[in-house]
Amino acid sequence: MNDEKQSKVVLYIAMSLDGYIARPDGSVEWLYDVKGDGGDNGYAAFYNTIGTLVMGRLTYEIVLQLSEEFLYKGKPCYITTRNPSQYENAPDVFFTDEPMSELVPRLKKTSKGDIWLAGGGQMVQVFLQEGLLDEAVIAVIPKVLGEGIPLFPEGTVPSSFELSRVEQLGDIALLYYSKHTSS
């Protein structure tokens, strides 16, 4: 029997009340003035459980605009793109077109912590379609954007989750879901 704990894939993301993760142009500035817990709203504790990140190229480009230094320095970050040869891998950043059905099982065996599906909506759609998402932690932000990039784009496969915990951080509701397992 294998005693090693296998990593799980966790979606950790903020969403507006009307289901958007970003404005139509990808911006997330609407997140900055929300009354939370007065600290980082649990981000550091979550991030300490993460060994590897996976995100789409569009999310990666938004992340690059948020800080001069790469925000996820020191942890392997896999960026999915149709054309990885157009990009140059950097320290901790690896561009790939490997199917998620192959990449994620490999990462689950090698990651030194859980795998963070860091976005965006198209990646969530693929992970649900492939049955690769183990948990979701969704911070519901008390704002209605009216339009934007949805967390679950049209065409996302129907999926079931079990609510395991709810946490209130100021005006933010943090919802913890696990993959639904039928009995």
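# A tour of the pockets and helices

Start with open space: the largest pocket holds about 1,700 Å³. Keep in mind that this is a predicted model.

**Stop 1: the largest pocket**

Select Ile 13, Thr 59, Val 63, Ala 118 and Gly 119. Of the 49 residues lining the largest pocket, these lie nearest its centre.

Now colour the elements around them. Six of them each give at least two residues to this lining: strands E1 (9–16), E2 (20–22), E7 (135–141) and E10 (172–179), plus helices H2 (57–66) and H4 (121–129). Which element supplies the largest share? H2 does, with 8 residues.

Colour by class next. The lining of the largest pocket shows 29 nonpolar residues, 14 polar and 6 charged.

**Stop 2: the second largest pocket**

Move to the second largest pocket, with a volume of about 290 Å³. Its lining counts 19 residues. Select Tyr 12, Phe 46, Val 137, Arg 165 and Tyr 176 to find those closest to its centre.

Show E1, helix H1 (43–47), E7, strand E9 (161–169) and E10. Each of these supplies at least two residues of the second pocket's lining. The largest share here is 4 residues, from E10. By class, this lining divides into 9 nonpolar, 5 polar and 5 charged residues.

**Stop 3: Leu 174**

Stay with E10 and pick Leu 174, which lies in that strand. Is Leu 174 buried or exposed? Its relative accessibility is 4%, so Leu 174 counts as buried, the cut-off being under 20%.

Show its contacts. Leaving aside residues up to four places away in sequence, Leu 174 touches Asn 41, Val 137, Ile 138, Ala 139, Arg 165, Val 166, Glu 167 and Leu 169.

Then draw a distance line from Leu 174 to Gln 125. The two are 49 residues apart in sequence, and their C-alpha atoms are 21 Å apart in space.

**Stop 4: helix H2**

Which residues of H2 are buried? They are Thr 59, Tyr 60 and Val 63. Look down the helix axis: these buried residues fall within an arc of 100 degrees, so they line one face of H2.

Turn to the face pointing away from the buried side. Leu 58 and Gln 65 are exposed there. Then show strands E3 (50–56), E4 (77–80) and E5 (93–96), against which the buried residues of H2 pack.

**Stop 5: helix H3**

Select helix H3 (residues 100–110). Its buried residues are Met 100, Leu 103, Val 104, Leu 107 and Lys 108. Why do they sit on the same side of H3? They cover an arc of only 130 degrees around the axis, which puts them there.

On the other side of H3, find Lys 109 and Thr 110, both exposed. Now show what covers the buried residues of H3: the cover includes strands E1, E3, E4, E5 and E6, along with helix H4.

**Last stop: confidence**

Colour the chain by pLDDT. The mean over the chain is 92, and 96% of its residues reach 70 or more. Where is confidence lowest, and where highest? The lowest mean, 88, belongs to H2. The highest, 98, belongs to strand E6 (residues 114–117).

Key: Residues are numbered from 1 along each chain as its sequence is written. This is a predicted model: local features need pLDDT of at least 70, side-chain atom pairs count only at pLDDT 80 or more; totals for chains, interfaces and linings use all residues. Side-chain values use heavy atoms; hydrogens and water are left out. On a 1 Å grid over the protein atoms alone, a cavity is a set of points where a 1.4 Å probe fits but cannot get out, and a pocket is an open set with protein on both sides within 12 Å along at least five of seven lines; lining residues have an atom within 4 Å of a point. Grid points are joined across faces, edges and corners, and a volume is the space filled by probe spheres set on the points. Ala, Val, Leu, Ile, Met, Phe, Trp, Tyr, Cys and Pro count as nonpolar, Asp, Glu, Lys and Arg as charged, and the others, Gly among them, as polar. Buried means under 20% relative accessible area, exposed over 50%, partly exposed in between (1.4 Å probe, protein chains only). Contact means heavy atoms within 4.5 Å. pLDDT is the predictor's confidence in each residue, from 0 to 100. The arc is that of the directions from the helix axis to the C-beta atoms.
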